[in-house]
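The sequence and the model are shown first, and the description follows.

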Amino acid sequence: MSKFKKKKSGDIPAISTASLPDIVFMLLFFFMVVTVMRDTSIKVKNRLPYADQVEKLEKKDLIMYIYAGEPSDRYQSVAGTEARVQLNDKYASLKDIKQFVFEERQDTREELKQALIAGLKVDKETNMGLVSDIKTELREAEALKITYITKKGAALKNLE
Amino acid sequence: MARRSAPEVNAGSMADIAFLLLIFFLVTTTIETDSGINRKLPPIQDEQDPPPLKERNIFIVLINSNGNLLVEDEPMDLKNLKQAAIQFLDNGGGKGDEACNYCKGAKDPSSSDNPVKAVISLQNNRLTKYSDYIAVQNELVAAYNELRDREAKRLFGVTFQEMEEAFKSESYTGDKDKLKERIQQIKDMYPQKLSEAEPKRTSR
């Protein structure tokens, strides 16, 4: 009989918060894992064309990303609507490509310098004139390995 | 009996559970990788005469600013380009030294002698859209890959793509040097000779 009496009397015990930090950490870890960090903010439109004869690019640190295309809508008031080249975080002119390649080379270990690949992320509405100017600059900088980064899909999708 | 408060739930293992989850996510998620068409640019050379090529060994593909194709002086749809390129590469019309004993083409004397000699020349002008250019590049690479796959299947029983994947993968158990040799053999049978001229200025 006395058992029932005990429950009715006495204070309500405080809820233990000892596990709260763990729950918070768990959430933190979850978001850390799920979010993909973007190393550069892209300031040009970047709708990639489609291709299906593609190879995966394994070593991300060996790719020099070169972006090209019309400036994004929010930058158009400043940068105009003509297609531009973007290196790292800012708009660049064609002449800067050589310097960019040179800097990337300096940051790479000696034995990997030959494996550097220039990855071209070019908007699909860009004219080939700009792209071939970029290619000429890359040839002059002796960065001969390039890859046209594309989305996966049939080539005929490009015509739509 | 003395008054006693409710026993606390033991939270000591909470951290372990959190770490377990963390490790699980770390192991299972893969950071998405980019994929693209690999190309090699020609090095800049001093002005020199281009090596003599026979007219029939060159396959000219022109793309204009509207994305229309002109293949060997005839307009063509993109979806037919791959087949036309295969026919050209696999023609094998050469005789004697230039004969091609693995080609299955029409042996048309007015088309290419040998896949080793056949060159595809891709020309575009400065106003060609990038997506059209990539579409054409993709179809031409597809033509090469199809022929390479066919020969790899005939000689080694696996497709060229599978061979390359096996070569890249860490878990391949076979002899990698031998595999590399075989890949090179197939590449030598159908070398990718894709020449790109500097785009022409638009004439209006």
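Helices (H or I, at least four residues) and strands (E, at least two) are DSSP runs, numbered from the N terminus. With these terms, chain B reads along its sequence as α-β-β-β-β-α-β-α-α-α-β. The model is a predicted one, in which local features need pLDDT of at least 70 and side-chain atom pairs count only at pLDDT 80 or more, while totals for chains, interfaces and linings use all residues. Residues are numbered from 1 along each chain as its sequence is written, and chains are lettered from A and ligands numbered from 1 in the order in which they are written.

**The two chains**

The table sets out both chains. A residue is buried if 20 or more other C-beta atoms lie within 10 Å of its own, exposed if 12 or fewer, and partly exposed in between; C-beta atoms are placed from the backbone.

| Chain | Elements | Buried residues |
|---|---|---|
| Chain A | five helices and seven strands | 29% of the 160 residues |
| Chain B | five helices and six strands | 25% of the 204 residues |

From the N terminus on, the elements of chain A follow the order α-α-β-β-β-α-β-β-α-β-α-β. Two residues are in contact if their C-beta atoms, placed from the backbone, lie within 7 Å. Among contacts in chain A with a separation of 6 or more, 77% are between residues 24 or more positions apart. In chain B, 57% of the contacts between residues at least 6 apart in sequence join residues at least 24 apart.

**Strand S3 of chain A**

Strand S3 (residues 63–69) of chain A is largely enclosed by the rest of the structure, because seven of its seven residues are buried. A:Ile63, A:Tyr65, A:Tyr67 and A:Gly69 point one way from S3(A), and A:Met64, A:Ile66 and A:Ala68 point the other way.

Two strands pair if DSSP finds at least two bridges between them. S3(A) pairs with strand S6 (residues 117–122) of chain A in the parallel sense over six bridges, and A:Tyr67 stands opposite A:Lys121 there. With strand S4 (residues 84–87) of chain A, S3(A) pairs in the antiparallel sense over four bridges; in S4(A), A:Val85 is the bridge partner of A:Ala68.

A nonpolar core is a set of buried Ala, Val, Leu, Ile, Met, Phe, Trp, Tyr and Cys residues joined through C-beta atoms within 7 Å. The largest such core has 54 residues, and those touching the most other members are A:Ile66, A:Ala68, A:Leu120, A:Ile134, B:Val61 and B:Ala85. Helix H3 (residues 130–156) of chain B gives the most to this core, with ten residues. Leaving aside residues up to four places away in sequence, A:Ala68 touches several residues, including A:Val44, A:Val122, A:Leu130 and A:Ile134.

**The sheet of chain B**

In chain B, five strands form an open sheet in the order S4-S3-S2-S5-S6, with mixed pairing. Strand S4 (74–76) and strand S6 (194–196) of chain B stand at the edges, each with a single partner strand, so one side of each is left without a neighbour in the sheet. Strand S5 (residues 119–124) of chain B and S6(B) run parallel, joined by three bridges. B:Ile120 stands opposite B:Leu194 in S6(B).
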